[in-house]
Amino acid sequence: MYWSKYFIPTSKEIPIGTEAVSHQLSLRAGLVHMLTSGVYSYLPLGLRVLKRIEDIIREEMNAAGATELLLPSLHPLELWKQTGRDQTLKEVMIQFKDNRGRDMCLGPTHEEVITDLVKGFIQSYRQLPVTLYQIQTKFRDEMRTRFGIVRACEFIMKDAYSFDRDEEGLKKNYARMYQAYQNIFKRMALDVIIIEADSGAMGGKISHEFMVTAPIGEDAVVVCPSCGFSGGVSGAQDEGGSCPSCKNEKLKKQVAIELGHIFQLGTKYSLAQQAQYLDENGKLNPMIMGCYGIGVSRVIAAIIEKHNDAKGIIWPKEVAPFDVEIVPLGGDDSGAMNALAQRYYQELQAQGLEVLVDDREESVGRKLNDADLIGIPLRIVIGKRNFAEHKVEIKKRNASESLLVDIDGVMAKIAEIK
RNA sequence: CGGGGAGUAGCGCAGUUGGCUUAGCGCGCAACGUUCGGGACGUUGAGGUCGCGGGUUCAACCCCCGCCUCCCCGACCA
């Protein structure tokens with residue numbers, strides 16, 4: 001991709017009314033743009049990150065035996081009355097009458113819809129278990145939005161739902177999802193703290209939250225500075241309580257942001273909506289459900305929050321919008337330098353890498369500072385001084401030093417360090 | 001929904017105790033020239049219903065009333 005043909009509106013000004021680093025950088029690096037409070041456009045660079053995060057989630061969910069589908073966002077309110085959540089979620093639900101006078105809402109979550117779907121097609125124990133998931137936009141009428149895409153009214157969520165014959169099956173599925181979540185966050189370079197949590201409006205008994213410590217957090221966790229033990233804030237585990245694991249140190253309280261939440265729902269929805277199956281004895285039983293969410297768009301903010309420096313974002317390579325950025329700086333020999341950039345562009349693409357070439361006619365300072373800001377993991381700088389000596393510069397965004405490499409040795413070097 | 005802050009050019013801001021403001025500055029944008037490895041410099045230029053609606057006044061961006069929007073803290077939630 002050539003920068004001049006693309007759309008990356010960067011800014012050096014810190015946007016008004018922003019405090020969180022991730023909020024500032026996601027705006028300055030041209031990832032997202034606010035339309036109104038809690039409602040964001042994903043610009044090309046932000047969309048690329050989003051897609052990469054989604055791909056990681058898809059791979060891990062598929063590997064864990066879940067199947068992707070896509071449910072509607074537009075729901076008849078009638079469906080929500082079956083579980084009473086038209087009332088319990090009333091405050092966050094965006095409701096309205098359509099032109100036919102029907103009461104409708106935009107889906108804030110999808111337990112009712114998926115349960116309604118599954119009960120229509122699954123009648124026998126032979127068809128269970130089944131786990132379905134989607135990556136989709138949710139709508140929640142937040143009274144108070146926060147930190148840009150961290151807490152938005154329209155946001156992207158991965159939500160999965162499991163249906164089992166019994167508790168044992170649910171626990172198995174739950175454990176599988178738990179493991180998949182650990183894999184997912186690890187691949188995104190996020191250290192998660194997993195805590196037992198309240199089920200809230202979801203219902204059910206057991207649930208776990210996947211948290212990442214960050215100043216943009218809305219919740220608190222306690223962490224042991226000595227052994228790394230962590231947990232939710234409650235009773236004996238409050239700050240100052242001695243670590244229940246190593247006893248060496250007192251626990252420290254930290255704010256954390258919730259990125260994922262998994263629930264053992266049990267029969268709350270299957271009973272209310274009569275999602276039943278026939279067992280081998282010909283007896284009707286309610287399906288045993290679990291649900292598993294990840295705030296996909298929120299993950300972007302968390303990654304930026306954890307991976308940045310004074311100059312900008314430092315994308316972990318698995319989620320970076322591009323793998324390599326080529327920066328020809330121009331000069332007397334700019335024709336030959338641009339040709340070299342084009343050559344690298346083709347060679348790197350042939351290796352399956354996503355490549356951005358900053359072909360803009362901008363000052364050196366602006367190009368290099370923009371490169372730092374948008375944070376592509378690998379950068380190839382073609383400057384006239386080195387070019388005259390048949391060399392180019394390769395720099396990792398997360399390294400302080402750059403490497404001088406022979407013009408013809410670039411591909412080998414990239415393959416070595418990428 | 002309670003408490004605080006803020007709306008003036010695409011972005012970031014200044015301003016007037018009401019009138020020399022034809023509303024400025026920085027960034028960005030356009031053109032030309034000089035530069036050319038770390039957000040270069042100069043000259044010229046385009047760009048604004050001063051959030052919206054009323055009111056007071058000879059005169060309102062400025063004062064009064066009402067409303068809208070955005071941000072932060074809290075409550076609530078995923």
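This is a predicted model: local features need pLDDT of at least 70, side-chain atom pairs count only at pLDDT 80 or more; totals for chains, interfaces and linings use all residues.
Which residues does Y277 touch, not counting residues up to four places away in sequence?

1. **Surroundings of Y277.** Leaving aside residues up to four places away in sequence, Y277 touches I122, Q123, S124, Y125, L128, R165, N285 and M287. The residue belongs to strand β14, which covers residues 276-278. Y277 has 23 C-beta neighbours inside 10 Å and therefore counts as buried, the cut-off being 20 or more. A152, by contrast, is 125 residues apart from Y277 along the chain, and the C-alpha atoms of the two are separated by 38 Å.

2. **Strand order in the open sheet.** Five strands form an open sheet with mixed pairing, in the order β20-β19-β21-β22-β23. The edges are taken by β20 (355-357) and β23; each has a single partner strand, so one side of each is left without a neighbour in the sheet. On average, and with direction ignored, neighbouring strands of this sheet are turned by 25° against each other.

3. **Helices on the sheet.** Helix α9 (residues 334-350) packs on this sheet and touches β19 (324-330), β20 and β21 (378-383). The direction of α9 makes about 170° with that of β19. Helix α12 (residues 410-417) also packs on the sheet, where its contacts are with β19, β21, β22 and β23. The direction of α12 makes about 15° with that of β22.

4. **The β22-β23 pair.** Strand β22 (residues 391-396) pairs with strand β23 (residues 402-406) in the antiparallel sense, over five bridges. The two are joined by a hairpin through five residues. Within this pair, V392 stands opposite V405 in β23, and K395 stands opposite S402 in β23.

5. **Packing of α2 with α8.** Helix α2 (residues 44-63) packs with helix α8 (residues 296-306) at an angle of about 110°, and their axes are 10 Å apart. The two helices are therefore roughly perpendicular to each other, a term that spans angles of 65 to 115 degrees. The crossing in which α2 passes α8 is right-handed. On the α2 side the contact is made by V49, L50, I53, E54 and I57, and on the α8 side by V296, S297, V299 and I300. By class, this contact has seven nonpolar residues, one polar and one charged.

Key: Residues are numbered from 1 along each chain as its sequence is written. Chains are lettered from A and ligands numbered from 1 in the order in which they are written. Axes are lines fitted to C-alpha atoms, for helices over the stretch in contact, and angles run from 0 to 180 degrees between N-to-C directions. Helices (H or I, at least four residues) and strands (E, at least two) are DSSP runs, numbered from the N terminus. Angles under 35 degrees count as roughly parallel, over 145 as roughly antiparallel, 65 to 115 as roughly perpendicular and the rest as oblique. A crossing is left-handed if the near helix is turned anticlockwise from the far one by less than a right angle, and right-handed if clockwise. Two residues are in contact if their C-beta atoms, placed from the backbone, lie within 7 Å. Ala, Val, Leu, Ile, Met, Phe, Trp, Tyr, Cys and Pro count as nonpolar, Asp, Glu, Lys and Arg as charged, and the others, Gly among them, as polar. Two strands pair if DSSP finds at least two bridges between them. A residue is buried if 20 or more other C-beta atoms lie within 10 Å of its own, exposed if 12 or fewer, and partly exposed in between; C-beta atoms are placed from the backbone.
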